[in-house]
Amino acid sequence: LKPLVAILRDGASSRRAREYVAGALMNLTLRQPSTQVEVAAAGAIPLLASMLSEAPSADAPADAAHAGDIDGRGYFYPMEEVAGALTNLADSNDANQRAVVAAGAVPPLVALLGDASASHREEAAGTLMNLAACDDNKGAIVGAKALGPLVAVLTDGTDAAKEHAAGALANLANGSDAHQAAIGGAGAVPPLLAALAPAAAGAPEPPPASAAAAEGGEGSGVWARAASALLLLSTQRANGDAIVAAGGIDTLVGALARGVWEAAGGLMNLAAQQPAHKAAIVAAGALPHLVSMLSTGSPSAQEEAAGALMNLAADAPANQEAAAAAGAVLPLVVVLSFGTPPARANAAAALGNLAHGNVVNRRAVLDAQAVPPLLALLAAPPAPTPAAAGAKTSGGPVTSASAKGALPTDARAEAADCLR
């Protein structure tokens with residue numbers, strides 16, 4: 001590693017040689033945490049960041065003989081390996097994420113989002129996605145006016161570029177009301193919904209991009225990234241209204257049918273905002289998919305599905321009956337018994353909402369043997385969580401991240417309310 005970084009540091013090294021080094025570092029650091037640390041310790045990050053701002057002269061000197069010329073607009077240096085190395089160095093490493101931003105990489109990355117090279121846009125969006133996973137970096141990225149270019153990439157980029165742009169917007173939105181409002185104001189909702197829709201009837205999900213090492217990892221691909229961004233944006237009422245106005249309920253339910261579990265989180269948030277949204281979600285056919293997700297989905301999918309059912313059944317007698325008729329009670333009890341702590345809390349709340357004021361559902365919950373796991377929930381030690389009940393606002397960059405083994409503070413309250 002040290003000889004490679006020495007080439008980057010040597011002022012006499014050609015641009016092409018340094019690009020080869022960047023490509024080597026990109027491959028060496030791909031999902032290799034210990035190598036990420038070693039490369040950063042050797043001083044590679046500021047050297048790579050400075051390469052992002054290099055440009056050959058207009059007449060392309062000898063060292064830039066390999067540079068391209070896009071539509072006669074002037075020569076440029078290839079940046080894929082440089083941005084790719086920074087992407088992989090920043091993957092799931094807070095210290096490296098901060099170091100890349102501190103080295104001044106954000107402005108040239110934002111500039112690359114507007115480049116005519118599709119691969120440059122893909123890599124720049126991927127690097128920004130990983131950098132935005134660090135809370136300390138979000139302000140710098142938004143301050144560099146990245147939102148508009150990211151939305152533009154969502155509109156006309158490749159599938160890989162759209163995936164990265166959606167992931168970047170999701171990470172910027174995560175935990176920041178101001179950024180959620182700004183992203184909605186930048187016009188992100190329509191292209192996010194377009195990215196979530198299938199390209200054609202029966203089209204397979206676009207494969208996840210391979211060049212960027214994305215944060216999170218359970219949900220990858222452009223559909224999952226777009227649904228995650230919409231999930232986070234929908235915590236704000238104005239964004240929720242924009243999603244509904246753009247036909248987003250049908251799009252989210254369609255994504256559920258294709259197994260995009262992140263869409264359940266967006267539906268959960270929309271259902272919490274107004275009764276008309278609940279009715280529209282049920283009318284669009286969401287209930288069978290949510291019930292299926294409880295039984296066969298991943299732990300994260302179960303959390304989101306239980307949360308959506310929780311909000312759909314709250315103060316909605318017609319939805320109580322529809323959810324029970326769709327078979328929600330028994331799988332909710334199973335999740336209550338064996339799910340993750342957040343899923344158990346959501347399942348308890350969902351069962352309580354299904355049973356509230358409904359004698360038939362109350363009996364169905366009792367017959368499904370919900371009392372023992374509810375009592376176990378009451379006896380479990382609580383653990384504080386920053387998430388507000390009924391709204392998806394916390395977690396990792398594009399997937400839910402919750403403490404395992406301890407229960408959210410409100411879980412015991414939900415269990416007590418359900419037993420009541």
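A residue is called buried when its relative accessible area is under 20%, exposed when that value is over 50%, and partly exposed in between. In the predicted model described here, Arg15 has a relative accessible area of 0% and is therefore buried. Glu54, with a relative accessible area of 24%, is partly exposed.

These two residues form a salt bridge, in which the closest N and O atoms are 2.7 Å apart. Arg15 belongs to helix α2, which spans residues 15–28, whereas Glu54 sits in the loop between α4 (44–51) and β1 (68–69); the pair therefore ties together parts that are 39 residues apart in sequence. Side chains of opposite charge can pair when their charged atoms come close. A search of the whole structure gives 9 salt bridges, including the one between Arg15 and Glu54.

Two further salt bridges lie within single helices. In helix α15 (residues 237–245), Arg237 and Asp241 are 4 residues apart, which means that about one helical turn separates them. Their side chains meet in a salt bridge with an N to O distance of 3.4 Å. Arg237 has a relative accessible area of 43% and is therefore partly exposed. Asp241 is also partly exposed, because its relative accessible area is 32%.

The N to O distance in the salt bridge between the side chains of Asp367 and Arg363 is 3.7 Å. Arg363 has a relative accessibility of 49% and so counts as partly exposed. Elsewhere, salt bridges with shared partners join Arg15, Arg18, Glu19 and Glu54 into one network.

The surface also carries a nonpolar patch. Leu330, Val334 and Phe338 make up this patch, and its area is about 350 Å². One of these residues, Leu330, is located in helix α22, which covers residues 329–338. With a relative accessible area of 52%, Leu330 is classed as exposed, because the cut-off for that class is over 50%.

How values were computed
Residues numbered from 1 in each chain as written. Predicted model: local features only at pLDDT ≥ 70, side-chain atom pairs only at ≥ 80, totals over all residues. Heavy atoms only, no water. Patch = residues over 30% accessible without salt bridge, like charges linked within 9 Å, V, L, I, M, F, W, Y side chains within 5 Å. Areas by Shrake-Rupley, 256 points an atom, 1.4 Å probe, with all protein chains shown as cover. Salt bridge = Lys/Arg side-chain N within 4 Å of Asp/Glu carboxyl O. Helix = DSSP H or I, 4+ residues; strand = E, 2+ residues; numbered from the N terminus. Buried < 20%, exposed > 50% of the residue type's maximum accessible area, 1.4 Å probe, protein only.
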